[in-house]
Amino acid sequence: MNVQTRIRRWPWVAIVLAITVAFVLSMVSPKDDVQGELVRIMYIHVPAAWLAYVAFFVTFLGSLTYLLTKNLKWDRIAAASAEIGVFFTGLTLALGMIWGKSTWGVWWTWDARLTLTAIMFFVYLGYLALRRTTDDPISRASRASVLGVLGAVQIPIVHFSVVWWRTLHQPPSLVRPDGPAIQESLMLVALIVGVLAFTVVYVSAMVKRIELIHLEDRRIEIEHSIDRPVAGDSVVVPELGAKT
Amino acid sequence: MTEWGWVSFAYAVAYGSIAVYTGSIAIRIRRSKQIIERSE
């Protein structure tokens with residue numbers, strides 16, 4: 001394997017290493033007095049939720065910077081981050097449903113945190129759909145950036161929904177005024193390593209997703225190019241006015 | 001289902017989804033490169 005191939009593959013290797021370490025730590029950490037073994041779902045549910053916030057915040061920054069500079073590089077960053085954010089939000093909802101069914105006895109309840117997270121998921125799905133309404137990079141970036149900026153309003157609302165409203169969902173685990181809710185040190189380490197591992201997944205996916213956006217833009221450019229052969233060498237252009 | 005059953009289910013969903021999503025990015029990169037190489 002040459003050096004270039006190794007460099008191209010580092011994101012995949014980093015993802016495997018990070019989630020392996022996080023998995024081992026989450027399995028060796030002690031069980032909770034109240035939740036028992038089910039507490040281990042926290043080590044993947046909380047990091048997924050956090051990375052969804054991070055991803056949508058990066059989309060906000062990318063969109064805002066695009067609107068100010070009109071440099072398409074920032075729109076590409078916003079778009080890549082939005083898709084990864086939608087992935088993490090979907091994962092958060094799925095893991096939350098599994099955790100909810102095993103602890104509350106129901107897959108879903110119209111709780112403020114759950115409902116607002118679902119709304120955020122659909123708003124950013126809308127952002128991705130909006131990007132597909134045109135192939136023109138400039139108008140695509142302009143439309144999407146407005147939604148990318150406005151959509152970020154939801155991030156603090158979703159996070160603080162468990163504080164502002166009386167909800168079934170538990171309060172924040174890490175970021176809270178009186179410090180982290182987890183007192184057992186190994187459980188706290190497992191949760192922090194889980195967040196770091198999902199951060200590695202996010203950064204690695206961002207690197208590859210931005211590469212993909214560059215390739216897709218190049219592909220669209222080629223498809224719209226007038227010099228591109230329509231049907232290859234197998235088609236012979238007929239001579240106009242020739243005798244048959 | 002037992003507690004370990006729920007935990008296994010959750011981890012299968014999480015790590016399975018990450019594998020499928022990152023795999024889809026890799027496939028889309030490869031396909032785009034092939035289309036560009038054929039066109040150039």
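**Contact between the chains**

Q: How many residues from chain B and from chain A does the contact take?
A: The contact takes 22 residues from chain B and 28 residues from chain A, where two residues are in contact if their C-beta atoms, placed from the backbone, lie within 7 Å.

Q: And how do the residues on the chain B side divide?
A: The side of chain B that touches chain A has 15 nonpolar, four polar and three charged residues. Ala, Val, Leu, Ile, Met, Phe, Trp, Tyr, Cys and Pro count as nonpolar, Asp, Glu, Lys and Arg as charged, and the others, Gly among them, as polar.

Q: What should I know about the model and its labels?
A: This is a predicted model, in which local features need pLDDT of at least 70 and side-chain atom pairs count only at pLDDT 80 or more, while totals for chains, interfaces and linings use all residues. Residues are numbered from 1 along each chain as its sequence is written, and chains are lettered from A and ligands numbered from 1 in the order in which they are written.

Q: New topic: how many helices and strands has chain A?
A: Chain A has seven helices and zero strands; helices (H or I, at least four residues) and strands (E, at least two) are DSSP runs, numbered from the N terminus.

Q: Where is A:His169 found?
A: A:His169 lies in the loop between helix H6 (154-164) and helix H7 (185-224) of chain A.

Q: Which residues does A:His169 touch?
A: Not counting residues up to four places away in sequence, A:His169 touches A:Asp111, A:Arg113, A:Leu114 and A:Val162.
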